[in-house]
Every structure is written in C-alpha cells, then in structure tokens.
Amino acid sequence: MAVVSTRSGRLGNRIAIAVVIVVTLIFLSPIYWITTTAFKPLVQATSVPPSVLFEPQITPFVKLFTKRAQLTAPVAPEVYEAAPWWERLVLDGGERLARDGKGDVVFSAYPDRFINSLIIAITSTILAVSMGTITAYGFSRFRVKGEADLLFFILSTRMLPPIVVAIPMFLMYRAVGLNDTHVGLIILYTAFNVSFAVWLMKGFMDEIPKEYEEAALVDGYTRMQAFFKIVLPEAATGIAATAVFCFITAWNEYAFALILTNRRAQTAPPFIPSQIGTGLQDWTVIAAGTVLFLIPVAIFTFLLRNHLLRGMSFGAIRK
Amino acid sequence: MMTTLSPTSRAATRGWSDITIRNLFVIPTVAFLIIFNVFPLLYSLGFSFTDFRASSKDAANFVGLQNYADILADPVIWRSFATTLWYVIVSVSGQFVVGFGLALLLNRPIPGKGLLTTLLLLPMMLSPVVVGLFWKLIYDPSWGILNYALGLGKTAWLTDANLALYAVAITDIWMWSPFVMLLSLAGLSAVPKHLYEAASIDRASKLYTFFRVTLPLVAPILLIAVIFRTMEAFKTFDIAFVMTGQPQAELISSRLYKMAFAQWQTGPASALAYIVLIMVLCITNIYVKYLNKAKER
C-alpha cells in the first residue's frame, strides 16, 4: 500500500492509476455533457442517438439573455442583412427577438436573477465572514462561559433543515414585508453562514500564536489595534478560504430562495428549473444558463483546493 | 460572565478591556443566531398546536396535540419517512463504497494527483438543484445519454415508481462520494508509514494489513464522513424535489414542503417540522461529539 517495490506491486500501482483515470473521466462526464449541450444546435441537443460531434455555436447563450417569439413568416432579406450577427443566430433558428416600443431588445429574466444571486451571495458573505471572524477571535482568545455549549448551539443552527426554518421565516417575513426582498435573503444567508464561519475561523485563529499579539500589547498596542494590525493579516488566508465557502453556499442555496422569493429578489437556483415547463422546452438554453451559473463555482473550487478538507469538516480536520 | 485575565491584561487596560472586547465580539453573533433561528422555531412551535393556515385570514384555533397525533397516524407521512430512511441507506452506503474505494486507489504516488483530486471534488461544490436539473437531461427516457450509453432502451428513470428513488440516489452518490473520498484520503495519509513497514517485515498479508492497520486508524474520520452524510441525506430536498414528483420517491423534506407551501396546512406542517427537527438535532449531537474528538487528536 505504501511501500511499493515488488514487481507485482508496481503492476498493481499501474492498474490503480488506470482505474482512477477512468473513474475520473466517468465522474466528469455529466459536467462535460451539460457543457457541450450548451453549445449545441437545438436539434442536436435531443437527437437520437445523442450527438457527440457537432459544430459548437453560442446561439443558446444569445437565447438565454433575450426574449424571443416564433417567426410566423420568413424574414425579409434586407432585415436579415441589417441584423447584427447575434440576432441572425436567432433568426436562423426560426425565431425573432422580442423588441420593446423603442425597438430595443427585451432581455430575459436570467440576467436579473444572476445579478440578484451575485448581490445576495456577496453581501451575505461579507457580513457572515466579518461576524464569524470576530466571534471566532473571541472564542479563540478569551474564556467564554459555556464555550462548548455555545459552539454546539452555533453549529446546530447550520444543521437545521432549511424547510423547517423556512415555515416560520415565511410567516415572519410576510408580517414585516421582507418576503421577496434582497435584504430578507441576505439576512437568512448570513445567519446560515455565520455559524460555519465561526467554526472555520476559530480553527485558523487557534493556529496564530498568541505570542504575536502579546508582543504587540507589550509594545503599546491596544487589544483592538493588535487584532486589526497583527491578527487579521495573519488570518488573511483563512478569511479568504472562509469567504469562498460562504459565497458558494449562498450562491448554491435553493430551498430558502424558492420559498421566500418569487420575482424581484429571486436568485438563479429557483429560476433555472422554473424555465422547464414554460412552453417549448429548449434544453440548450437551460444548459447555457446552468453552465454560466456553474463557472464561478468551478473557478473557486480550484482556488480552494488546498482548503476543501478543512472547510468541509468545519475546521475540525486540518491534515 | 466570568473571565480569566490573560498575562497581558495590564497592557490591555489601554483601550477597551478584554472583557468588553470579548462581549463585543461574541454576544452580537449569538444574539443574531437566536433571533433568526431560535425565535422562528419557538414561533412555529406555537403554530404546531393550532389549525393555522397561512393562506387564510381565519384566526388560529388551539388544537392541542391533535396535529402530532394526526401525523403519527398518517400513512403518507410514514411512507415518506420509510422512503427517506431507505434513501439514506442507499445513498450513504453508495457514497461510502465509491468514496473510500477512490481514496484507496488515490493513496499512492500518482503523477498529477493534485489535479485529479480537484477534478474529482468538483461535483460536491455544485448547486444541488442545478445538478438535479442536468441529471434530468442525462436520465431522459427517449434521448438521454445514460439509456443510450448503457443500451437500456427507454427506461423512464425518474417517473418509474421503482426506479425514481434510486435515480436520485445515484445522482447524490455522484455528487457526494468525493466528500467521503476527501476525508478518507486525509485519514489514509495520516497513517504512519512505519506501521506498514512493520507489517511487511512481519510478512503480514495485504488483507491483514488493511483490516488490522489501515481500517482502525482511518475509522474515526470515516465515521465523521458517514454521520455527516447521513444527516445531510436525511435533509435532502433540492435534488429530489427538482428531479422527480414520483410519490413513491417522496422524501420527508418534500412532504413537508408540500404540506406547508402547497396545501398551506401551516399548523400540521409545523408539527411535522418539529418531529424532523428533533431527529436532525439528535444526529447533529452525535456528529459534533465525533468532530470534537477528531479535533483533539
């Protein structure tokens, strides 16, 4: 297992590597499939047998961002010639772009939902990480009465099933007018993430030697100055990793968004599946929306790769 | 609250005292969590004893324990609990086998291992609802890639009463095996090399080494992975809800959602929510106990 020197051991190693590579390819195939679907012509997305070879095109992305209508009559050649390249892509597919009174292209709801997702995820991440960092410092450096119970309470709020919390939250938000608002979701996601941030940041804080601050205190810093000038810079990596985890959690969240928003503040996760079953099901457009939505997470996963273990175990397992 | 003064407390008397800072840093967060988690739950505890419907203007009537009695007598809810239990067993054991298996294969020098591991971890970072959505595309009976690739004809994975739950579980296994793999790899890499050397000097068989050296040392971390996944699988909502409406595959979270937000039986739904909540808190308690144990190591 660890010491491989015999011939059979080396062969076993090669077989293991081959199996790992095959399994990795199988694991990635669903992601590959949805990504290629986003670049397929409509007829090839649902063709039988499934088409592996196709001419990639970005029409699904143009469709994703616009409202369209079926063409009832062929387009006049001069209109086609005058249209920009991206509009021609839609015309080629037998549809025309919907335009408002001034002749401007009408955008679909997708960009709004995407921006809602960004606003809500970023704001709640900043709040959760700020609160989590200072609270973690409090738990890490000072003796807090009932520390273990408090930490358990904090983590347990994270473990609550979203639907269970959503029932009273829906009623309370309805009473105070927070349903379908950005603020409403931001507060909930902050509450959901702050517990995680406390646990993860406490691990990072515990690793910063107390002597650093003590030296600063001796040098005449106040405790607050020492926290901001010594501890925070030391914890920068931990803060960044925590922030990325919080962002991904808020970005991916579905249940609260489904129940507590419906239009103005709706985020992308409840919106993307709701496109299914509205008239003609265009899987290439759904795939395009999905791919755009997954790209930030894929990038962050690569940035986070060395902290995944820690984050996934709430800071308990550090390697 | 009591505090012990640190050796530097004399220096800390400049500016705010340590006690002030501690209170300032800890109390707001705890208060925030109480307001947005404990208070709502107390609110719904109240509703669980009433016949309140959030969709009507009628005042709530106190019905005592009637909602709890109705739930315990409702065969649909019992079926949902049974379905959820079976789902948890299938899904978590699948994740365990695939995840731990992958970790065993990866636990050796492999060129490009870091990249390979990161790629394998990608599924668990994705949004469950979006994952459910694109697996729907893969499972499509007439043009889905899965039926074509495996030559299964027109198998209707997500609408067949017997298959739907397994189809969701397969997706969940795809998504979360990497999590078990990640934790297992950490456990495996922490096994001291000299133990293997000692075992090989003693001419212990590979199987013997695995069961007597590797497994006992990895077990604590595996346990954490399994308890966490059990808890999460029990709460599963997104994936199952978006993938299938098959009643035979209805998990308890979906039942709860329908009671609360489709049938608007707010009172009974709050009662069911409480039953689910207590179950989750029990698992959480076990989980945190093992997490703290792992921390102490």
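## Notebook: a predicted two-chain model

I began with B:Arg203, which is exposed, having 7 other C-beta atoms within 10 Å. The model is a predicted one, and I kept that in mind for every entry below.

**Entry on B:Arg203.** I looked up where B:Arg203 sits and found the residue in the loop between α9 (193–201) and α10 (206–235) of chain B. I then read its backbone torsion: phi is near 55°, a positive value in a residue other than glycine. I noted beside this that most residues other than glycine have a negative phi.

**Entry on A:Phe314.** I next turned to A:Phe314, whose phi is also positive, near 55°, in a residue other than glycine. I placed A:Phe314 in the segment after α16 (308–312) of chain A. Is A:Phe314 buried or exposed? I counted 23 other C-beta atoms within 10 Å of A:Phe314; the cut-off for a buried residue is 20 or more, so A:Phe314 is buried. For B:Arg203 the count is 7, and the cut-off for an exposed residue is 12 or fewer, so B:Arg203 is exposed.

**Entry on B:Ile89.** I located B:Ile89 in helix α4 (residues 75–106) of chain B. With 13 other C-beta atoms within 10 Å, B:Ile89 is partly exposed. I also checked B:Ile89 against B:Pro128: the two are 39 residues apart in sequence, and their C-alpha atoms are 19 Å apart in space.

**Entry on the nonpolar core.** Which residues touch the most other members of the largest nonpolar core? I found A:Ala166 and B:Leu256 in that position, in a core of 166 residues. Helix α8 (residues 164–189) of chain B supplies the largest share of this core, with 17 residues.

**Entry on the interface.** I then examined how the two chains meet: 89 residues of chain A are in contact with 89 residues of chain B. On the side of chain A that touches chain B, helix α1 (residues 7–37) of chain A gives the most, with 14 residues.

**Entry on α7(A) and α9(A).** I took up helix α7 (residues 147–159) and helix α9 (residues 182–207) of chain A, whose axes come within 8 Å and cross at roughly 135°. The two helices are therefore oblique to each other. I recorded the crossing as left-handed. From α7(A), the residues A:Ile154, A:Leu155, A:Thr157 and A:Arg158 meet A:Phe192, A:Ser195, A:Phe196, A:Val198 and A:Trp199 of α9(A). By class, I count six nonpolar, two polar and one charged in this contact.

**Entry on α10(A) and α11(A).** Last, I looked at helix α10 (residues 210–218) and helix α11 (residues 223–234) of chain A; their axes come within 9 Å and cross at roughly 145°. I noted a right-handed crossing for α10(A) and α11(A). On α10(A) the contact is made by A:Tyr212, A:Glu213, A:Ala216 and A:Leu217, and on α11(A) by A:Arg223, A:Ala226, A:Ile230, A:Val231 and A:Glu234. The classes of the contact of α10(A) with α11(A) are six nonpolar, no polar and three charged.

Note on methods. Residues are numbered from 1 along each chain as its sequence is written. Chains are lettered from A and ligands numbered from 1 in the order in which they are written. This is a predicted model: local features need pLDDT of at least 70, side-chain atom pairs count only at pLDDT 80 or more; totals for chains, interfaces and linings use all residues. A nonpolar core is a set of buried Ala, Val, Leu, Ile, Met, Phe, Trp, Tyr and Cys residues joined through C-beta atoms within 7 Å. Helices (H or I, at least four residues) and strands (E, at least two) are DSSP runs, numbered from the N terminus. Axes are lines fitted to C-alpha atoms, for helices over the stretch in contact, and angles run from 0 to 180 degrees between N-to-C directions. Angles under 35 degrees count as roughly parallel, over 145 as roughly antiparallel, 65 to 115 as roughly perpendicular and the rest as oblique. A crossing is left-handed if the near helix is turned anticlockwise from the far one by less than a right angle, and right-handed if clockwise. Two residues are in contact if their C-beta atoms, placed from the backbone, lie within 7 Å. Ala, Val, Leu, Ile, Met, Phe, Trp, Tyr, Cys and Pro count as nonpolar, Asp, Glu, Lys and Arg as charged, and the others, Gly among them, as polar.
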